[in-house]
Amino acid sequence: IAYDPFTGEEIWRIVRGEDSTIASPCYEDGSVFFHTGFVTDTDNNRFAELIAVNPDGCGDIESTNILWRNQVPILQLLTPVIKEGLIYLIDTKNMLMCLRADTGQTIWSRRMRGKYNSSPVFAGGHLYFSSTAGETTVIKPGTSLDIVAENMLEGEIWTTPAVVEGGIIIRTSEYLYRIGE
């Protein structure tokens, strides 16, 4: 649901799924992207969706303003990163993906080791994906998967890293790290 920040009045809404979502919505070039709650189809299969929405509308805009939707596994925890028309995410089945923001088409994907609970971040021209095992995979944004580095920290990473003043702060179950300037 979108609200006017000055009045609190509802502007538009899309209600999709049986439960709330965990990941936050994203915005780029006039579109809003978000994961839905659980959807159950007629065969009792449960899934979620990643939806692209044109937010120019009022009231219930589900039938008029959805640009595209992709079926994804349930319990999407991570907020995607959108950079220059490309969406980067890891789903709950550990698939690292790059999608076209205008169509939702998968450009590349790769199954990753481990489990991911922290959202990716963009800093210094790179994307950072941190697993619960303490491993951070650094990739260069683009239409081909280019892994720049894979780094391991002591402890588990459950929280999203913070980007601050030329550095990244990562909290593990053992330490608080500041990497960079």
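So, strand β2, residues 10-13, runs parallel to β7, and 2 bridges join them. When I say strand, I mean a DSSP run of E with at least two residues, numbered from the N terminus; helices are H or I runs of at least four. And two strands count as paired if DSSP finds at least two bridges between them. One of the contacts to look at here is R13, whose bridge partner in β7 is D60.

Okay, before I go on, the housekeeping. This is a predicted model, so to speak of local features we need pLDDT of at least 70, side-chain atom pairs count only at pLDDT 80 or more, and totals for chains, interfaces and linings use all residues. Residues are numbered from 1 along each chain as its sequence is written, and side-chain values use heavy atoms, with hydrogens and water left out.

Now for another part of the chain. Buried here means under 20% relative accessible area, exposed is over 50%, and partly exposed is in between, with a 1.4 Å probe and protein chains only.

On one hand, 3 bridges join it to β13, residues 121-123, and F122 stands opposite L127. Those two strands make a hairpin with 2 residues between them, and G124 in the turn has a positive phi of about 55 degrees. On the other hand, 4 bridges join β14 to β15, residues 135-140, where L127 stands opposite I139. That's a hairpin as well, with 4 residues between the strands, and G134 in the turn has a positive phi of about 95 degrees.

Zooming out: the protein chain has 1 helix and 19 strands. Of its 181 residues, 44% are buried. Along its principal axes, the C-alpha trace spans about 45 × 45 × 30 Å.
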